[in-house]
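Please read it alongside the sequence and the model.

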Amino acid sequence: MVWDDALTSYNFGPSHPMAPVRVELTMALARELGVLDKVELGGCVPATDDELAMVHRPGYIEAVKRVSATGQPDPGAGLGTMDNPAFKGVHEASALIAGASLAAARAVWEGTAEHAVNVAGGLHHAMPAMASGFCVYNDPALAIAWLLRQGARRVAYVDVDVHHGDGVQAAFYDDPRVLTISLHESPRTLFPGTGFPEETGADGTAVNVALPAGCGDAGWLRAFHAIVPPLVHEFAPEILVTQHGCDSHALDPLANLMLSLDGQRAAYAALHRLAHEAAGGRWIAVGGGGYELVQVVPRAWTHLIAEAAGHPVDPATPTPQSWRQFVRDRTGETAPLTMTDGRNPEFTDLSGGYDPADPIDRAVMATRNAVFPLHGLDPMP
């Protein structure tokens, strides 16, 4: 578990939806539940300019530094917009998040840890020369680029954020060493407007599952299991990197999927199993989106940390009274009482047949038809 209190300095201001208190509340909940007692906490240092340049153009890095020093907008770099307000210290804050994901990658690659988590990371929209979608430096893409530089031959990236992982896809779109899979709300109804099934990259190594607004646990998990495990097994990566934006939750104010905390927890467990089945147990997990700051993010990512630690939290566990009081003091809001939404995230596997009238099944089959043959897989269930 990579952590430094300074990771909360990535702060676009009090009215911005990506408030750093969500990470602060996550760490407090994980600590109060004893989850952090079951992990090794490691620190991090900011990514260097040379490390950032593995994904980002030098001119862009310099532009971010200028904004960081003055706080003045630079529209050409995407800083100073409603999504990405300019603030003093933006380079240092962003480079530290990137450094945290690089530390996670280093720990797993060098074998000092089998799994590593950076909940402050997951800034998957940042482009080589442009901030985008609340993201300045693309830490998951940097972690993958670093792994390739060390000699990794195949890396699989699975993104379960409600928004398309466009920045990571763009970084490796023509690189057959990297399989990127993104499950997201349809680009017809949500930012960033990309992530259609026909975006397939080099030899089918870009995979996009565009799910209809309103999709809940059963449909989302049906789509996940119909796409992700077969492709990752076939690709046989050396390391699995996953992005865990929890803005797919029904309470998230910025999107339109309807997952529960329990459905998200089931996805974390499935990705953990997949890391062991297909990637020799090597797993790097980062955070991402999530804008219901009290009810969703802290519980979701505490479940993620606990899953990666091999000690899942019983969903019926009450949230500690001390944490509820901390939430009240910190935000003025009432904290959730347990670690569950009370849902049973069951689903029917696609192998039993698909319904062409069902919009979720149509989305799944569009993806399978687009990429499965390129991997030697039969698109039919």
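The lining of the largest pocket draws at least two residues from each of α4, β1 and α9, in what is a predicted model. That pocket has a volume of about 390 Å³, whereas the second largest pocket has a volume of about 150 Å³.

**Largest pocket**
- The largest pocket is lined by 20 residues, and those lying nearest its centre are Met1, Glu40, Ala113, His115 and Ala116.
- Divided by class, the lining of the largest pocket comprises 13 nonpolar, 4 polar and 3 charged residues.

**Second largest pocket**
- Both β4 (206-211) and α11 (359-371) supply at least two residues of the lining of the second largest pocket, and the largest share, 4 residues, comes from α11.
- Among the residues lining the second largest pocket are Ser186, Arg188, Phe196 and Pro197, and the lining as a whole divides into 8 nonpolar, 1 polar and 2 charged residues.

**Helix α4**
- Helix α4, which covers residues 90-110 and has 21 residues, reaches 30 Å from its first C-alpha to its last, close to the 30 Å expected at 1.5 Å a residue.
- Because 17 of its 21 residues are buried, α4 is largely enclosed by the rest of the structure.
- Glycine 111 follows α4 and has a positive phi, near 85°.

**Aromatic contacts**
- A search of the whole structure finds 5 aromatic pairs; in one of them, tyrosine 60 and tyrosine 137 have ring centres 6.1 Å apart and planes at 85°, so the pair is edge-to-face.
- This pair links distant parts of the chain, with tyrosine 60 in helix α3 (residues 58-70) and tyrosine 137 in the loop between β1 (115-118) and α5 (139-150), 77 residues apart; tyrosine 60 and tyrosine 137 are both buried.
- Phenylalanine 134 and tyrosine 291 also form an edge-to-face aromatic pair, at 5.5 Å centre to centre and with 85° between the planes.
- Since phenylalanine 134 lies in the loop between β1 and α5 and tyrosine 291 in the loop between β6 (283-286) and α9 (297-309), their pair ties together parts that are 157 residues apart in sequence; phenylalanine 134 and tyrosine 291 are likewise both buried.
- Tyr10, Phe12 and Phe87 form one aromatic cluster.

**Annotated domain**
- In an unreviewed entry, UniProt lists residues 16-306 as "domain: Histone deacetylase".
- Over residues 16-306 the chain is 40% helix and 11% strand, with the end C-alpha atoms 28 Å apart.

Definitions and conventions:
Residues are numbered from 1 along each chain as its sequence is written. This is a predicted model: local features need pLDDT of at least 70, side-chain atom pairs count only at pLDDT 80 or more; totals for chains, interfaces and linings use all residues. Side-chain values use heavy atoms; hydrogens and water are left out. The expected span of a helix is 1.5 Å times one less than its number of residues. Buried means under 20% relative accessible area, exposed over 50%, partly exposed in between (1.4 Å probe, protein chains only). UniProt positions are given in the numbering used here, feature names are shortened, and annotations may be inferred rather than shown by experiment. Rings of Phe, Tyr and Trp (its six-membered ring) pair if their centres lie within 6.5 Å; planes under 30 degrees apart count as stacked, over 60 as edge-to-face and the rest as tilted. On a 1 Å grid over the protein atoms alone, a cavity is a set of points where a 1.4 Å probe fits but cannot get out, and a pocket is an open set with protein on both sides within 12 Å along at least five of seven lines; lining residues have an atom within 4 Å of a point. Grid points are joined across faces, edges and corners, and a volume is the space filled by probe spheres set on the points. Ala, Val, Leu, Ile, Met, Phe, Trp, Tyr, Cys and Pro count as nonpolar, Asp, Glu, Lys and Arg as charged, and the others, Gly among them, as polar.
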